[in-house]
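Dear colleague,

Please find below the sequence and structure that I am handing over to you.

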Amino acid sequence: MTTRVALITGGIGAIGSAICRRMANDGMRVIAAHHPDEVEAASQWCEEQIADGLQIDTLPLDVASYEQCEVKLAKLLSDYGNVDIIVNCAGITRDSSFKKMQKEQWYDVINVNLNSVYNVTRPLWNAMLENGFGRVVNISSVNGQRGQFGQANYSAAKAGMHGFTMALAQEGASKGVTVNTVSPGYVSTVMTDAIREDIRTAIVSGIPMGRMATVDEVASAVHFLVADDHEYITGANLPVNGGLFIS
Ligand code: CAA
């Protein structure tokens, strides 16, 4: 069986780590991309993985910079031979009611969460088509499906990610390349820890399952979509939201 090469952006973050570990445990060759400012954190993260018996490579990459992605991902392709799987997981929040939202809060979120999907996928896409195999999974959010007070920027970016998925799925379908979205609900991470406690409590009480998701539950959905034998699933938006939004 071919050893698949998987690139995960946001790879040393909470959800990204769980995805990397799940893929590495499955025998894939995994590269965790992280922000260039996080080199020290990334090397410590690698040591933790090695302690758990997992060999995961890291790549400093500013996903908001097309120029950087173009150069570094061309090198990645030549170093690894090919990249079979891309998980676009890098994301930030800059929550604010729209009446107070500053232009940096808008542009930072659109650049990191949405433009990154172009920046990272574009340099690797043609090789996937030529290889006749590829899996792209975009990590969106329940808030891209239903909106959220205080997240006009984030909801716009996350909805945009699934628009990208639906269009690109049609371009990859005849070439063995699938493109799907996973839309987590509220996941227990530092990102959701940052929500004011009273608001967080109100959010959790509105989740039919009465709890946030674990990172492993999200990783499991991604792992399902990238499997070699799931070629017929493309253009889908798989919710992992505990019933918070059902469409
Ligand atoms: N719905 C309706 N009105 C609301 C509201 C809500 N959810 N929250 C606040 N308001 C109202 C207040 O009642 C108040 O009304 P008045 O002006 O009439 O008194 C007004 O909005 C307050 O506006 P502010 O701009 O002062 O709001 P704030 O600073 O108190 O809070 C916020 C703004 C920080 C964005 C806060 O709403 C918030 O934290 N919202 C949650 C955002 C959220 O869910 N983020 C998810 C982060 S995790 C993630 O994103 C991962 C994922 O994919 C799910």
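Predicted model: local features only at pLDDT ≥ 70, side-chain atom pairs only at ≥ 80, totals over all residues.

Strand 1 (residues 5-8) and strand 2 run parallel and are joined by four bridges. Within this pairing, Val5 has Arg29 of strand 2 opposite it. Together with helix 1, these two strands form a β-α-β unit, and its hand is right-handed.

On the pairing with strand 3 (residues 56-60), strand 2 is again parallel to its partner, here with five bridges. The chain passes from strand 2 to strand 3 by way of helix 2 (residues 39-51), in a β-α-β crossover that is right-handed.

The largest pocket

The largest pocket has a computed volume of about 1,300 Å³. Several elements give two or more residues to its lining, namely helix 1 (14-25), strand 2 (29-34), helix 5 (142-146), helix 6 (152-172), helix 7 (190-193) and helix 8 (197-205). The lining consists of 50 residues, and those that lie nearest the centre of the pocket are Gly91, Ile92, Thr93, Tyr154 and Met191. Sorted by class, the lining comprises 24 nonpolar, 20 polar and six charged residues.

The second largest pocket

For the second largest pocket the volume is about 230 Å³. Its lining is made up of 13 residues, and Met1, Arg4, Asp26, Met28 and Asp228 are the closest to its centre. Helix 9 (residues 215-226) supplies the largest share of this lining, with three residues. Six of the lining residues are nonpolar, four are polar and three are charged.

The cavity

How many cavities of 30 Å³ or more does the model contain? The count is one. The space in the largest cavity amounts to about 30 Å³. Its lining is formed by Thr9, Val63, Asn88, Cys89, Ala90, Asn113, Ser116, Val117, Val120 and Met161. Helix 4 (residues 103-131) contributes the most to this lining, with four residues. By class, six of the residues lining the largest cavity are nonpolar and four are polar, while no charged residue takes part.

Thr189

Thr189 is found in the loop that links strand 6 (177-184) to helix 7. Is Thr189 buried or exposed? Its relative accessible area is 12%, and the cut-off for a buried residue is under 20%, so Thr189 counts as buried. Leaving aside residues up to four places away in sequence, Thr189 touches Ala14, Ile15 and Val215. Of the elements named above, helix 1 (14-25) and helix 7 (190-193) also give residues to the lining of the largest pocket.

With kind regards

Key:
Residues numbered from 1 in each chain as written. Heavy atoms only, no water. 1 Å grid on protein atoms, 1.4 Å probe; cavity = no way out; pocket = protein on both sides within 12 Å on 5 of 7 lines; lining within 4 Å. Points joined across faces, edges and corners; volume = space filled by probe spheres on them. Nonpolar A, V, L, I, M, F, W, Y, C, P; charged D, E, K, R; others polar. Buried < 20%, exposed > 50% of the residue type's maximum accessible area, 1.4 Å probe, protein only. Contact = heavy atoms within 4.5 Å. Pairing = 2+ DSSP bridges. Right-handed = clockwise from strand over helix to strand, strands pointing away.
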